[in-house]
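Morning, everyone. Let me put it on the screen.

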Amino acid sequence: ELTRAVGELDEEKVTEMLTEFVNSKPTEEEAQKVVNACQQGMGTVGDLFEKGEYFVGDLIFAGELLTEAINILKPVIGGKSESKVGTIVLGTVHGDLHDIGKNIFRSMAEAAGFVVYDLGIDQPVENFVEKVKEVKPEIVGLSGVLTLAIESMKDTIDGLKQAGLRDKVKVIIGGNPVTKEACEYVGADAFTTNAAEGVKICQGWVK
């Protein structure tokens, strides 16, 4: 029912169900199941978007709804350190100002237990390099929607190589223009056009 409510973007119902759930003093395991139900709802939203039944505004709203859901659940999903599965440095590459996909990915990755450092949009190579040096993540996520973002992704990965950091991190690229060929061209480890799939790939890397 929760998955359906998230999929239907029924904010009132989602909030009501989650608040009731939190008040029922659930175990952390039960809470994790509820987070998964929310994520599956996001999957539904993604599918409906691909079919053209939902639009960009719906995706943005879904991302906000998920963030709100996670905030309600925070007291029961436990901020225990062991529940943090890994660290991701994330950003939209230079020359690109889009952040919807990135924000949805961030919400879903955080819901899955990752610590995400989101640099924002139009990020120069050195910002990624500095942040990777500072927080030593396992994963770097590069986002872009414009075709020119592919070149910026390549620049960023080359920058990580020059700084001697490339072999210390896995790089995933995401956004409309990314393909298997683009992934090989820029030198990334994986690509995705779907936030939920992107999170699954990242989970596979840190297990």
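I'll start with Cys183, which counts as buried because its relative accessibility is 7%. This is a predicted model, by the way. How far is the sulfur of Cys183 from the closest cysteine sulfur? The distance is 12 Å, to Cys202, and that is too far for a bond. Cys38 also counts as buried, at 1% relative accessibility. For the sulfur of Cys38 the closest cysteine sulfur is again in Cys202, 20 Å away, so that pair is too far apart for a bond. The cut-off here is 2.5 Å between sulfur atoms. By that rule the model has zero disulfides.

Next, helix packing. Two packed helices are described by the angle between their axes and the distance between the axes. Take helix α2, residues 11–23, and helix α4, residues 56–77: their axes come within 9 Å and cross at roughly 10 degrees. Angles under 35 degrees count as roughly parallel, so that is what α2 and α4 are to each other. The crossing of α2 past α4 is right-handed. On the α2 side, the contact is made by Glu11, Val14, Thr15, Leu18, Thr19, Phe21 and Val22. From α4 come Phe61, Leu65, Glu68, Ala69, Ile72, Leu73 and Val76. Sorted by class, that contact holds ten nonpolar residues, two polar and two charged.

The other pair is helix α3, residues 28–50, with helix α5, residues 100–111. Their axes are 10 Å apart and the packing angle is about 160 degrees. Which way do α3 and α5 run relative to each other, roughly parallel or roughly antiparallel? Over 145 degrees counts as roughly antiparallel, and α3 and α5 are therefore in that class. Their crossing is left-handed. Here α3 supplies Gln32, Val35, Gln39 and Met42, while α5 supplies Ile104, Met108 and Ala111. This contact of α3 with α5 has five nonpolar residues, two polar and no charged.

Last, backbone angles. Most residues other than glycine have a negative phi. Leu9 is not a glycine, yet its phi is positive, about 55 degrees. Leu9 sits in the loop between α1 and α2, and it is buried, with a relative accessible area of 14%. Lys136 also has a positive phi, near 45 degrees. Where is Lys136 placed? It lies in the loop between α6 and β3. Lys136 is exposed, with a relative accessible area of 65%.

Definitions and conventions
Residues are numbered from 1 along each chain as its sequence is written. This is a predicted model: local features need pLDDT of at least 70, side-chain atom pairs count only at pLDDT 80 or more; totals for chains, interfaces and linings use all residues. Side-chain values use heavy atoms; hydrogens and water are left out. Axes are lines fitted to C-alpha atoms, for helices over the stretch in contact, and angles run from 0 to 180 degrees between N-to-C directions. Helices (H or I, at least four residues) and strands (E, at least two) are DSSP runs, numbered from the N terminus. Angles under 35 degrees count as roughly parallel, over 145 as roughly antiparallel, 65 to 115 as roughly perpendicular and the rest as oblique. A crossing is left-handed if the near helix is turned anticlockwise from the far one by less than a right angle, and right-handed if clockwise. Contact means heavy atoms within 4.5 Å. Ala, Val, Leu, Ile, Met, Phe, Trp, Tyr, Cys and Pro count as nonpolar, Asp, Glu, Lys and Arg as charged, and the others, Gly among them, as polar. Buried means under 20% relative accessible area, exposed over 50%, partly exposed in between (1.4 Å probe, protein chains only).
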